[in-house]
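Here is a short report on the structure shown below. It covers chain architecture, backbone, salt bridges and the interface.

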Number of protein chains: 2
Amino acid sequence: MRTFTIFERAFKAFRDNPSLSKLMVVCTVSGGGLLAFAETRPFSGSDSVPKKKVVVLGTGWAGTSFLKNLKSSTFEVQVVSPRNYFAFTPLLPSVTCGTVEARSIVEPIRNIVRKKGINIEFKEAECYKIDTDNNKVYCRSGQDTNLGGEEEFSVDYDYLVIAMGARSNTFNTPGVVENCHFLKEVEDAQRIRRTVIDCFERASLPNLSEEERKRILHFVVVGGGPTGVEFAAELHDFVLEDLAKLYPSVKNLAKITLLEAGDHILNMFDKRITAFAEEKFQRDGIHLKTGSMVIKVDDKHISTKERSTGEVSEIPFGMVVWSTGIGTRPVIMDFMNQIGQTNRRALATDEWLRVEGCNNIYALGDCATINQRKVMEDISVIFSKADKNNSGTLNLKDFQEVIDDICERYPQVGLYLKKRQMRNIADLLKSSQAEKQGTELDIALFTSALSEVDSQMKNLPATAQVAAQQGQYLANCFNRMEECERNPEGPLRFRGTGRHRFHPFRYKHLGQFAPLGGEQAAAQLPGDWVSIGQSTQWLWYSVYASKQVSWRTRALVVSDWGRRFIFGRDSSRI
Amino acid sequence: MRTFTIFERAFKAFRDNPSLSKLMVVCTVSGGGLLAFAETRPFSGSDSVPKKKVVVLGTGWAGTSFLKNLKSSTFEVQVVSPRNYFAFTPLLPSVTCGTVEARSIVEPIRNIVRKKGINIEFKEAECYKIDTDNNKVYCRSGQDTNLGGEEEFSVDYDYLVIAMGARSNTFNTPGVVENCHFLKEVEDAQRIRRTVIDCFERASLPNLSEEERKRILHFVVVGGGPTGVEFAAELHDFVLEDLAKLYPSVKNLAKITLLEAGDHILNMFDKRITAFAEEKFQRDGIHLKTGSMVIKVDDKHISTKERSTGEVSEIPFGMVVWSTGIGTRPVIMDFMNQIGQTNRRALATDEWLRVEGCNNIYALGDCATINQRKVMEDISVIFSKADKNNSGTLNLKDFQEVIDDICERYPQVGLYLKKRQMRNIADLLKSSQAEKQGTELDIALFTSALSEVDSQMKNLPATAQVAAQQGQYLANCFNRMEECERNPEGPLRFRGTGRHRFHPFRYKHLGQFAPLGGEQAAAQLPGDWVSIGQSTQWLWYSVYASKQVSWRTRALVVSDWGRRFIFGRDSSRI
């Protein structure tokens, strides 16, 4: 708890004396930069052993983080991705309105891997098939080429790292793909920016009725998650601060509506943040329509259905941005069918990010979820591992030796203890034992003590933070693969014998931001600590600047922010 | 909160009162910028008289320069252009390789006209028909709209200013439109940038033969004018300085070829510049193929014919950029047919930029040429105007009164005198008179004295400089229209009576640059003064920075140059 107190105290200081937050921007920017720039010193691997082939699919957060952290020169790495760059996706909403330029948030992947001194090759292509029998992936160049049939090729792998991300989820709503904008790729953001300008130019044409102008300038955002909310806020600022001056004749007709199927926006955040955001949007005149589901979209209207009343209404629009969460890419779907993981939203992996059922395939980022092992599934083997003398009962001493391994292998145990405010498993066992006398536990008592632990299992959110941590984790595993093969460092194998090679992946939540426009942001930091307001926006600036992948993008993003303060956002239609 | 408030207030001040930010940049950026920027102080016009409607077609150099310099509030101005921005086209070759970003060279036209305080409205649409009978232009929105038929509209005018520019000239060579890139619009430059990266990514794919890789990395530039040469030089720098590092496996296969139908590149420049450029290109390994005409282009090959031998050869390519000069836009062609100017390359105007045959239509920039009146056509009326007493002969004294008018009305006279190194017309007359005794000239002698004068007539080049000067000239005419109606300030009307309202347009050549890559540039300045080398490149930087249309673009362009020096050019494919 000490750290939190420090955090809290620091924030109080920021609130009372906001110039401090600017100081922090400077410190974080330079500090984070140093971290980001720390050059990787390659190990000098011997060339006598044939190198293992690692194929990485995707150059998003997970793939790039893996590549940045990979140091072992015992691998020959091939990267296949339809995008030859890494994009800092949390800034995509800023790109939609020109607060930040598209090129300021991308860095060529070749540039990122170039200075590492290890063998990494990049191919700009899309993987369309994974062949686990032959350890091959089949790829195709995405370019409109004049290459004949030569744009298809296959790549062999010894280890495959799948980090292809996800696509937007339309929930099969009719008309969405044809008539809505998404906000997943850099190109999406650029297209939205052009469309916003287009709408204003179109509404300024003569011969249009007032109603038609209103329709064209009605911007609808579907989905009240952080992306949808941030886009709505950005758009509101863009219209208010920049476009209103340039399009005085139509500025009063512009309207932004945010549709959310749930009862509140930002429902993954603390209630205080949700309430603040909803109030701010109301003040700003952003129309919030919660509890209504989209059932159909055509080229001019979006049809919604009230969840409570079932009432269907048609809303005319000029532009719709669809941001309701993620769905599975077709190639991942195919692959899941192939390996028997049908009817899932994402690839299931174990706690070491290995795809279930495949020995040499890893999946991370948005295309995967960790299928956390349940304690209840393993309760008998856990008991028997603890009961070394096979007495059929456990005393606390027996148990002491395996406690750490249990907590590491089944992190839900730790979460459950934290929730119940217990210090360790001993407390948990004691509490269930309290009813009975004696210090020995049999399997039934043991099971009942742990029976509610699995309720604490949660899927990780589909965020950049999770993907980046997974990439880093996996790279560290690869870096120490030989070493850990000899000296396994992971927890006890409860079902098998010996130990796991590596510690399982453990996500460390560092907090989440929700920029709300008008130089206001909200942040939910670890320990349910909430910060809202202008100083949080400055914290946002400093964190996002420090997290940039290169000094180039850092300099560009910061100068874009400066440019926006001085000159406003550009509205040229290019 | 004090610090924030100051900050905020400062930014708000910058945004609301842009001259402040300009002041700030003045302190930091040095500059000829001051010269380029002239704030316009609108006159306060009376609203009692109905305002004359001026329609401006196009927002390129000519149109924008006209709008920037228009100050009279006696007009109601409508601007129609498919582009809602002004682009600083001389930097387009830099945009193709990312030396400068596209957005750094564009400024929304609404932003340019917003602060003028006079009534200027902008419509993003393309004019597709000019109806001189009804003083109307017909326009159509260029957007892929869901507007039904409402995207078409007409605009009435009292004065029409045509500044629609030109399109690329393919000389009807088959396959050019389908397979070549042009370099006239911002989008063209962005497309070229993407294609260059595409070619390098494509060539890095497996399964390709060495020959195929070579083809893909063969960049062909057609046209050895300043644009083509600058693009070839930029591309060479991009490959050498940036791409070679990122694509080490294919860097040696890249090749640039410049095709020119004439015997030399940059043939409008001084021979020293041409020679320097050709030598530099040879040193750089840019393949120069002069004297060969392109006869056909397909998707992989460009066919050329040697002008001297007639030999036809086929060159495989990955990308072709076509930059061979300008052609007429279809709407201008239609308009020329309508007003009887058939079989011309551009709209003919008189020396006051008025379209011949139309009283209230002006044309400027690349879509127009000034049809300079020949002295020989008017020789008899000039003689009779000079011969006030109708004596049939002129003496120098008679002549003195009309000399200035002749020189202004027929600028070729001045050029001829300069070429012959004479001080004034008196010298010219004397030289032809020398053979005869006496001081009187008859019409025959007068004609023979001026007989070679018309040889000095030249069309103005299709450059930004000409267009900008024409726009400024025309705006000044419009600004003083009422005044000059009352007190004509132009030269004597030789064919009619009285004086012309305005001085005719006179182009002042300020020099021309040819950047040659590798921080080398050539410049041809007035008076045939030639400058070549690195210092010229720095002159180029300073002139181009100072000529920017706004402080925003100036700051962006300069920071782009800095960014390129520090971080290189970005090769992300977006």
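Buried means under 20% relative accessible area, exposed means over 50%, and partly exposed lies in between (1.4 Å probe, protein chains only). By that rule Leu266(A) is buried, with a relative accessible area of 0%.

This is a predicted model: local features need pLDDT of at least 70, side-chain atom pairs count only at pLDDT 80 or more, and totals for chains, interfaces and linings use all residues. Residues are numbered from 1 along each chain as its sequence is written, chains are lettered from A and ligands numbered from 1 in the order in which they are written, and side-chain values use heavy atoms, with hydrogens and water left out.

**Chain A and helices**

Chain A holds 20 helices and 26 strands. Helices (H or I, at least four residues) and strands (E, at least two) are DSSP runs, numbered from the N terminus. Of the 574 residues in chain A, 56% are buried. Contact means heavy atoms within 4.5 Å. Among contacts in chain A between residues at least 6 apart in sequence, 65% join residues at least 24 apart.

Helix α7 (residues 186-203) of chain A has 18 residues and spans 26 Å from first C-alpha to last, close to the 26 Å expected at 1.5 Å a residue. The expected span is 1.5 Å times one less than the number of residues. In α7(A), 14 of the 18 residues are buried. Helix α20 (residues 534-546) of chain B has 13 residues and reaches 18 Å, close to the 18 Å expected. Its buried residues include Trp540(B), Tyr541(B) and Tyr544(B).

**Positive phi**

Leu266(A) is not a glycine, yet has a positive phi of about 50°. Leu266(A) sits in the loop between β12 (255-260) and α10 (271-284) of chain A. Asp528(B) has phi near 55°, also a positive value in a residue other than glycine. Asp528(B) lies in the loop between β25 (520-525) and β26 (529-533) of chain B. Asp528(B) is exposed, with a relative accessible area of 54%.

**Salt bridges**

A salt bridge is a side-chain nitrogen of Lys or Arg within 4 Å of a carboxyl oxygen of Asp or Glu. The whole structure has 64 salt bridges over all chains. Here are some of them.

| Pair | N to O distance |
|---|---|
| Glu519(A) and Arg564(A) | 2.9 Å |
| Lys280(B) and Asp284(B) | 2.5 Å |
| Lys289(B) and Glu306(B) | 3.7 Å |
| Asp570(A) and Arg552(B) | 3.5 Å |

Glu519(A) and Arg564(A) are both buried. Lys280(B) and Asp284(B) are four residues apart in helix α11 (residues 271-284) of chain B, so about one helical turn separates them. Lys280(B) is buried at 5% relative accessible area, whereas Asp284(B) is partly exposed at 24%. Lys289(B) and Glu306(B) are both buried.

One network of salt bridges links Glu101(A), Arg193(A), Asp560(A), Arg563(A), Asp570(A), Arg103(B), Glu107(B) and Arg552(B). Asp560(A) lies in helix α20 (residues 551-567) of chain A. Asp560(A) is buried, with a relative accessible area of 6%.

**Interface**

The contact takes 65 residues from chain B and 63 residues from chain A. The buried area is about 6100 Å², with 57% from carbon and sulfur atoms. Buried area is the accessible area (1.4 Å probe) that two parts lose on being put together, summed over both. Eight salt bridges cross the interface of chain B and chain A. Helix α8 (residues 186-203) of chain B gives the most to the side of chain B that touches chain A, with eight residues.
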